[in-house]
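Open the model in your viewer and show it as a cartoon.

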Amino acid sequence: MMNSTFYPTYFLLVGIPGLEHEHIWISIPIFIIYISALIANLMVMVVILISPRLHQPMFIFLSMLSFNDELLCTSFAPKVLSIFWFSDKAISFSGCLLQMFFIHSFASIESGFLLSMAYDRYIAIYKPLQYSSIITSKLITRLVIVFVVRAVVLVSPCLVMISRFPAFKTNVIAHSYCEHMAVVKLAAADIRVNSIYGLFVAFTIVGFDLLFILLSYVMIFNAVFRLPSRDARLKAFNTCTPHMCVFLSSYSIVIFSFLSHRYGKKIPPYVHIIFSDSYLLVPPILNPLIYGLKTNQIREEIWKIVRKH
């Protein structure tokens, strides 16, 4: 297979190249983080659903983020655990494309939700009197539709272009999931268009969202520091702290992973894979923990439920 081109019916996922003998040990924190992320995000969604006090735009955005996080880590973790536990490395060609679509789409939608939450905080602090007339249920619905359509429209061509490759050099993917460039590099064809389009999608989604999130926070801080009262400034700043923590944890990992994968030639392959995997696991577990610990309303509602039971 390695010495000739062919069209595979399935791929073989290596896991983490160079750390194959440590797969069992690596699977333990992945399993714990995955199960914890499922439970924590489910708890956030349930608390927001059953608490009328939390039926506000900020918490609606958070519940959608939690739901998306559940789907994001589930599109990755079960397969990687089956690789580590049972050496179940095979994945069908169509299954690989489907996993790629879900992972990159949910990652794109997550970025959109983070942008929405930054915009929500900007309106709440910069235009508090107009908040209820601007952040409406209709606007939230439209934003969700826009982010889902954006993900589908931008990610789908990647799958089409991969399916049109005439042949592949190998069916062994040196990764723990079907990451776009990891699959593209296996093609026995010119991959420049795929690489350029991948960069275009990344900069369109991450670049656009990151730019406007940063702009939102610049304006938020400008408004906060102009408040007359120190207590008012502190209260406004505290409402933004969870969002900033989630924003920093999400984008710092993805930017490092993206840049190191393309330009970090001297970085060992397993470092690339670990950071790629971390991007799919760390934000889904950090998001509910950060919001649960830093948002008073959610913390109070959780305690009410705990005391009742």
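**Stop 1: strand S1.** Select Tyr10, Phe11, Leu12 and Leu13 in S1, and show their side chains. Phe11 and Leu13 make up the covered face of S1, while Tyr10 and Leu12 lie on the uncovered one. In a regular strand, side chains alternate between the two faces of the sheet. Bear in mind that this is a predicted model.

**Stop 2: the sheet around S1.** Which order do the three strands take? The order is S2-S1-S3, in an open sheet with mixed pairing. Strand S2 (90–92) and strand S3 (172–173) are the edge strands; each has a single partner strand, so one side of each lacks a neighbour in the sheet.

Now look at each pairing. S1 and S2 run antiparallel and are joined by three bridges. S1, spanning residues 10–13, pairs with S3 in the parallel sense, over two bridges. Strands of a sheet pair through backbone hydrogen bonds, in either sense, parallel or antiparallel.

Centre the view on Leu12. On one strand, Leu12 has Ala90 of S2 opposite. On another, Leu12 faces Val172 of S3. Next, bring in helix H4, residues 93–126: H4 packs on the sheet and touches S1, S2 and S3. The direction of H4 makes about 85° with that of S2.

**Stop 3: Phe113 in H4.** Stay on helix H4 and pick Phe113, which has its place there. Is Phe113 buried or exposed? Phe113 is buried, with a relative accessible area of 5%. Show what surrounds this side chain. Setting aside neighbours within four places in sequence, Phe113 is in contact with Met64, Leu65, Asn68, Val144 and Phe147. For a distance check, draw a line from Phe113 to Phe31. These two are 82 residues apart in sequence, and their C-alpha atoms are 26 Å apart in space.

**Stop 4: Ser75 in a loop.** Select Ser75 in the loop between helix H2 (57–74) and helix H3 (77–86). Ser75 has 15% relative accessibility and counts as buried. Which residues does Ser75 contact, leaving aside its neighbours within four places in sequence? They are Gln99, Phe102, Ile103 and Phe106.

Stop 5: Colour H3 by accessibility. Seven of its 10 residues are buried, so H3 is largely enclosed by the rest of the structure. The buried residues of H3 are Ala77, Lys79, Val80, Leu81, Ser82, Ile83 and Phe84.

Step forward to Ser87, in the loop between H3 and S2. Check its backbone: just after H3, Ser87 takes a positive phi of about 55°. Ser87 has that positive value as a residue other than glycine. Ser87 counts as exposed, at 53% relative accessibility.

**Stop 6: H1 against H2.** H1 and H2 pack at an angle of about 155°, with their axes 9 Å apart. The two are therefore roughly antiparallel to each other. The crossing of H1 past H2 is left-handed.

From H1, the residues include Tyr34, Leu38, Leu42 and Met45; from H2, they include Phe59, Leu62, Phe67 and Cys73. By class, the contact of H1 with H2 has 12 nonpolar, four polar and two charged residues.

Now find Pro288, which is 249 residues from Ile39 along the chain. What separates their C-alpha atoms? The separation is 9.6 Å.

**Stop 7: H6 against H8.** Finish with another helix pair. Helix H6 (residues 137–163) and helix H8 (residues 192–225) pack at about 165°, with axes 10 Å apart. That angle makes H6 roughly antiparallel to H8. H6 and H8 cross in a left-handed sense.

Select the contact residues. The H6 side is Arg150, Val153, Leu154, Pro157, Cys158, Met161 and Ile162. The H8 side has Val193, Asn194, Tyr197, Phe200, Val201, Thr204, Ile205, Phe208 and Asp209. Colour them by class: the contact of H6 with H8 holds 12 nonpolar, two polar and two charged residues.

Technical notes. Residues numbered from 1 in each chain as written. Predicted model: local features only at pLDDT ≥ 70, side-chain atom pairs only at ≥ 80, totals over all residues. Heavy atoms only, no water. Pairing = 2+ DSSP bridges. Helix = DSSP H or I, 4+ residues; strand = E, 2+ residues; numbered from the N terminus. Contact = heavy atoms within 4.5 Å. Axes fitted to C-alpha atoms, helices over the stretch in contact; angles between N-to-C directions. Parallel < 35°, antiparallel > 145°, perpendicular 65-115°, else oblique. Left-handed = near helix turned anticlockwise from the far one by under 90°. Nonpolar A, V, L, I, M, F, W, Y, C, P; charged D, E, K, R; others polar. Buried < 20%, exposed > 50% of the residue type's maximum accessible area, 1.4 Å probe, protein only.
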